[in-house]
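Please look through the structure shown here and follow the report below, which takes up one topic after another.

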Amino acid sequence: MRALLAALAMLMTLIAAPATAQKNCATVNPKQPVPAGDVYQVWTPGGPVGQFRDAYNTVNCQASVPWKWGLVDGKGKTLVPANYFNVIPLNATTAAVLTKFQFKSDGNTLNYRLYVFGKGEQKDVVPWSRVFAFRWQGVRTPYAFSQGTGEVALLQGGLANPVTIRNLGGKGWPGGVDTFYQVNDTLIANFTADDGTPVSRILNLRGAPISPVIGGIERWETLAPEIAGKLGRWRNYSQYDYPTIGVDYVSIIASGEHAALPYGKLYQPIASNGDPLPMPPNAIGVFPIRFDTHPWAGSTTLGWAVVEESPQGLRARLGLGTLASVIARTASLPAYTGLARFNDRSKTADDQVWWDIFAARVAGDTVWRMIDARTLTKLTIDGAGSFGSNPRDALANFNADRAAIMAKRTAERERERLALAAKVSRELEDRHQWLLSSGKICEWAPGGEMRGPKTINYMLTNCPISNDAFFTYARSIGGDPGLIDKAEYAYYEKRGKYAVPIPPAPNDIYATPNWNAWGNAIINSARTSTDNFIRDSKRQYYSNMEKWNRGKQNWCC
């Protein structure tokens with residue numbers, strides 16, 4: 001059960017790493033622990049009570065569980081010394097404290113005790129293996145969990161009158177789905193019906209039902225439409241905790257294939273007080289316009305659809321934004337009698353786009369047209385739009401239209417590229433001829449007018465080069481590599497870069513005549529090569545070789 005596993009993970013986090021670490025990991029008096037987190041209250045049947053704040057004490061920085069926990073009031077006065085592995089206040093005077101962080105595999109270990117503020121730890125054993133608290137807007141609702149039976153107990157301000165919730169989860173709910181959680185002043189409990197259907201019931205904080213058993217409740221987050229393009233490229237986006245503009249809870253009221261239900265589900269929205277949310281006249285349900293922010297997403301959306309009954313059958317009105325905003329403007333939204341969902345995704349793993357597209361049939365129309373689920377606008381590259389007599393034809397025509405238009409654009413770009421290249425070539429030739437006739441062809445300075453490869457090669461062959469930056473420029477323009485290397489060698493040789501002679505290879509470092517000839521070839525190459533890389537590499541290799549072959553060979557032979 002995800003809610004309970006998450007709560008256990010939260011318990012581990014509290015035990016392992018407080019939000020405000022003590023400097024230098026110094027231990028402090030457990031009777032004066034360090035406060036951590038915000039001030040909160042505890043829910044009881046009589047209403048929220050107390051002003052509490054978690055607090056901790058470092059025990060041993062090297063230990064696997066280096067901190068222990070206590071409790072202070074809103075002013076910092078110690079209520080529970082930091083001697084425990086977990087502390088959950090139950091009411092204004094009592095807390096449950098975890099004395100040992102040790103649980104048996106059968107889940108029946110009882111390590112929680114009661115702690116009365118001002119009196120200390122009591123002998124009373126808390127009869128559950130785990131104690132947690134829901135957190136909602138500064139108020140915590142304590143509950144307990146029996147690992148052996150899987151039962152949850154709402155503690156109701158103490159141990160005297162717990163309300164037990166049984167049979168949570170079940171085979172109707174996939175792994176990783178919350179089965180018991182708090183929303184505002186209500187609790188949502190998820191079960192599995194005898195026929196295997198996932199169902200839910202809404203309870204108040206006392207554990208009393210305030211709804212019948214209804215179809216499984218799902219939680220959906222609505223994202224701002226303007227961030228859709230960014231989140232679609234999920235592999236290039238480093239975070240998955242996206243800003244939301246609304247969170248809604250909806251209950252499944254119908255599932256199956258229907259032309260107006262692209263996701264195969266119809267939902268009843270739930271109001272914040274646990275009642276069914278009122279909908280416009282003729283509306284029978286809603287569904288989210290699903291937006292997969294990443295491959296394992298399944299509860300994020302950019303908008304909603306309100307499904308209506310009409311004399312012509314079901315129709316869906318689609319709008320971007322929160323569920324409440326879509327319901328408020330239902331009458332002004334376009335109506336579709338058919339929606340078929342497809343995925344449009346790129347093929348590259350590093351830049352994958354992940355979103356839905358619809359083949360949509362407008363009420364009163366007979367053809368299907370493609371629309372983008374992110375914008376709810378016509379999905380086409382050309383102005384005419386792609387359509388078909390059925391969803392598959394509309395998609396196939398859209399893909400064909402897109403491929404044809406992209407091919408047309410590619411051909412147009414290639415023609416533009418060739419025309420531009422021809423124009424630049426003519427301009428460079430005209431400039432070359434003018435430089436020749438004017439006698440200025442050998443004049444060059446960084447940042448001057450652009451010259452083509454023909455002019456560069458002429459300069460390398462016929463002009464004295466006075467700036468070494470010219471060689472970098474010549475390579476960037478596409479000058480002849482051989483001419484560049486030859487001219488560069490001459491430039492640096494004239495300036496004494498190669499004035500230091502390379503001595504002949506000493507005869508005593510070569511074992512045979514063949515190796516001697518090989519060494520002389522290295523020297524010759526270092527002297528004569530016009531390729532910078534070869535010349536410099538061979539000189540360095542010869543220098544290294546002399547070092548390797550002289551003196552004591554204590555690493556070698």
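A disulfide is a pair of cysteine sulfur atoms within 2.5 Å. This is a predicted model, in which local features need pLDDT of at least 70 and side-chain atom pairs count only at pLDDT 80 or more, while totals for chains, interfaces and linings use all residues. Residues are numbered from 1 along each chain as its sequence is written, and side-chain values use heavy atoms, with hydrogens and water left out.

A search of the whole structure finds 1 disulfide, and this link joins Cys442 to Cys463 with an S to S distance of 2.0 Å. The link of Cys442 and Cys463 is left-handed, with -70 degrees about the S-S bond. Cys442 lies in the loop between helix H4 (391-438) and helix H5 (453-462), and Cys463 in the loop between H5 and helix H6 (469-477), so the pair ties together parts that are 21 residues apart in sequence. Helices (H or I, at least four residues) and strands (E, at least two) are DSSP runs, numbered from the N terminus.

For accessibility, buried means under 20% relative accessible area, exposed over 50%, and partly exposed in between (1.4 Å probe, protein chains only).

| Residue | Relative accessibility | Class |
|---|---|---|
| Cys442 | 35% | partly exposed |
| Cys463 | 8% | buried |
| Gln137 | 70% | exposed |
| Asn167 | 65% | exposed |

Most residues other than glycine have a negative phi. Gln137, however, has a positive phi near 50 degrees, and its place is in the loop between strand S9 (130-136) and strand S10 (139-145). Asn167, which is not a glycine either, has a positive phi of about 60 degrees and is found in the loop between strand S12 (163-165) and strand S13 (180-183).

A nonpolar core is a set of buried Ala, Val, Leu, Ile, Met, Phe, Trp, Tyr and Cys residues joined through side-chain atoms within 4.5 Å. Of the 27 residues in the largest nonpolar core, those that touch the most other members are Val250, Val286, Phe287, Trp304, Val307, Ala316 and Leu318. Among the elements that give two or more residues to this core are strand S20 (283-290), strand S21 (300-310) and strand S22 (313-320). With contact taken as heavy atoms within 4.5 Å, and with neighbours within four places in sequence left aside, Ala316 is in contact with residues including Ala260, Phe287, Val307 and Leu339.
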